[in-house]
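Hi everyone, thanks for coming. Let me put the structure up on the screen, and then we can walk through it together.

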Amino acid sequence: MEAIILEIRYKHQQQAIYMRPQGSSISMGRGFANTIILDDPFVSAHHAQLELDAAGQWQLTDQHSDNGTLYQGSKIEQTKDIHLGESFTMGDTTLRLIAATTAVAATHIRQDVQGYVAMLSQARWSWLLTIVLTAAWLLLSDIRSSDHFDAQSVAMAGAVMLFTFCLWAGFWAWIGKTLKKRTAFHLQLSVMVLFSLLLELLDVVISYVEYMLSSQLVAQILSYTLNVALSALLLYVCLWIATHRSKLFKMVFSLTLSIGLGVFMLSAQWMVEGYMGGNRDVSTVLKPPYAMTLPAVSMEQYFTRNAQLLGDIALE
Amino acid sequence: MRLLVNMIGLVSWLMLLPFAQAANTAQMLFDKYQNSVLQVVVIDVESGEKSSIGSGFLVQQGDVVVSNYHVVASIIEEPDRYRLEYVTEQGDTGQLTLLDIDIINDLAILQHGKSIQHEHAFVLAQQRISKGADIFSIGNPHDLGMSIITGTYNGQPEHALYQRILFSGSLNPGMSGGPALNHLGEVIGVNVSTGGSGIGFLVPASYLVALLQRVEQANQQAINFAERIESQLFKHQQMYIGDLLAQPWQSKSLTQQLETPERIAKFIQCWGKSATGDDEDYNSVERTCAGQKSIYLGGDLRTGHLEYHIHLFKNRQLSTLRFYNMYERSFSNHYSGFSAAAEDQLSERSCNSDLVQLGEHVWKVNFCSRRYLQYPSLYDVAVNMAATGQADQGVIANLRISGCGQEEGLQLAKKFMESITWKP
């Protein structure tokens, strides 16, 4: 079957779905069982159906919807022939059937880019939130660091945040074709920025664990495990807010991406350490006295351990 | 006027006289001994070409050849890949075999297969030489041809761990293993290394006497060189670390709060440095002490080195959190651990990382060690420690010893830790 593009326009929002229908029919409506799910309160659960007949002609049938289906300004009573390029309306949503030629696809890529730019320019309070949270993040890392809070570090952090923001918006403009709510983007952005703050806090906690356990290896593994768990949770929440995807999809998607990324980052770190010479087998964490006082071993105990250590070094 | 010209001429001539004399001696010595100095060549068996060069000289009626260990080291490491040859001033060549070595003093005794045409084999000097005397070093710098270089004897640093004669003259690669002579033509030392422009080092001939005696007594029995190197290194570290452990260490306060060992031995030299951080946020005072030389083992591997470093930090303006962040980072940076050179000849590093009660304070201590794969009785040991418990002060101390025995390494690390007294 030939591929088509279904262009969907709802109020100011427009998206195009490129599809190669598996059967010969496409069902449309608000319900989850439809091929095309429309987020429009004036659309019925099973609103209308598009079918391809033996002659290769698309036919539109209204499925006894509450508000009816409009074609060329009037409600359709029975099945209507729809030619490529023609549009029809259900509730506040207008749909247009287009032949999926390359030229048309290019138009839709342009529209996607426009949609992305629109998303960036309309997300005003997301911008504001990003700025506020970036400032909080800078402050938090400045409290810990003895480096100076100078223009360069502010510019650097700002640039990193801006880049992440645009990347994130791009991701959601792309995934937005199955977006549940427009506001989902704002919500997810907040979750993401909060997540980076949480990571900064997590870093502090991990260094205390390293201090107590005296092992960078354990701290590193713990840090990555927590990171993976947290980012999987974050992705799941974002997908839950934004899309109609199944539970299984959300779970598999968020876990695979997080674990994959975690393993990649950890192995990259170990590779760099292997090359540069890391101190994984020792701990170099030092904490202020008010933060922590821990029991210490005596010199006798320590040197018994050291003698053991020397005795155990193998000649591989 | 004429008188004045004559006077100037006379004075100039008198001033140049010593140089002219030295030049004459050099010429005479070179004529006399040029056939007793050889070029020692390490040949890569596969390609048949030379892979490194040095010098050597005939002693004991011309029976044996003296050179440096570092000139011939590669044939001990890879006997199948390399062989040794000599080239005389006339261009004759022949095989050389290794008889014995002194790894500590970088000496090697070699045997040549056939008789080498020579008039006078070298004899070793018996009497001491005084500072400022001319000495003459012979060798083949950069394969450019046998040369003689006139320099000045500038004594022997009295307390060095590795005794070397200071030769003020220009030694160059390729001259290693050549003889350095007094004005009578007696060997006072063996060319061994250069310390940069116009500074050279010689191994004193006294070590050569002992080695030659051992060769004579050994009566050409085959030697396992790996075992010999290991036993020489082990005895050497036993001797010098034993001395360090036996005597009390001079303590010297770095500031009023910190008593640390100063020069724990005379072969150690200390350097100091003090600084304020960016924007005078904190003060730091440090002392670094180290032995001056080390022992060449082969390739990139050196051993027999000892160094320690004490670093005191005092907060001035930073919040405690930020001060500790800086302190932690310094501790981590100081943690250079071991040298990365020749890591394939050493085992993986093993460490103990703990909080240790030392006197009244708790220190974070990382004790690390690794073992020499070819010489299993020898270890490298490093201690890196940082004081905890003070909101606005900190001390970082490091000790590194290369090529020590198990017991010596442990004892020295312990003594080092206990020698630091902190009274914040």
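Before we look at single residues, one set of words: buried means under 20% relative accessible area, exposed means over 50%, and partly exposed is in between, with a 1.4 Å probe and protein chains only. Please keep in mind that this is a predicted model, where local features need pLDDT of at least 70, side-chain atom pairs count only at pLDDT 80 or more, and totals for chains, interfaces and linings use all residues. Residues are numbered from 1 along each chain as its sequence is written, chains are lettered from A and ligands numbered from 1 in the order in which they are written, and side-chain values use heavy atoms, with hydrogens and water left out.

Let's start with chain B as a whole. Of its 424 residues, 53% count as buried. Chain B has six helices and 24 strands; these are DSSP runs numbered from the N terminus, H or I with at least four residues for helices, and E with at least two for strands. Along the principal axes, the C-alpha atoms of chain B fill a box of roughly 75 × 75 × 40 Å. A contact means heavy atoms within 4.5 Å, and in chain B, 62% of the contacts with a separation of 6 or more are between residues 24 or more positions apart.

Now for some charge pairs. Side chains of opposite charge can pair when their charged atoms come close. We call it a salt bridge when a side-chain nitrogen of Lys or Arg is within 4 Å of a carboxyl oxygen of Asp or Glu. How many salt bridges are there over all chains by this rule? The count comes to 12.

At 1% relative accessibility, D100(B) is buried. It forms a salt bridge with R228(B), with the closest N and O atoms 2.7 Å apart. That pair links distant parts of the chain, since D100(B) is in strand β5 and R228(B) in helix α4 (residues 225-246), 128 residues apart. R228(B) itself is partly exposed, at 24%.

D100(B) also meets R214(B) in a salt bridge, at 3.1 Å from N to O. Here R214(B) lies in helix α3 (residues 205-218) and D100(B) in strand β5 (residues 93-102), so parts 114 residues apart in sequence are tied together. R214(B) is partly exposed too, with a relative accessible area of 32%.

Another pair in chain B is E286(B) with K273(B), at 3.8 Å from N to O. This one joins strand β16 (residues 282-291), where E286(B) lies, to strand β15 (residues 268-276), where K273(B) lies, so it ties parts 13 residues apart in sequence.

Let's finish with chain A. There, E7(A), R9(A) and R96(A) are linked in a network of salt bridges. In helix α2 (residues 124-144) we find L138(A), which is buried with a relative accessible area of 11%. L138(A) and A157(A) are 19 residues apart in sequence, and their C-alpha atoms are 7.2 Å apart in space. Over in helix α6 (residues 247-276) sits V252(A), which is partly exposed at 46%.
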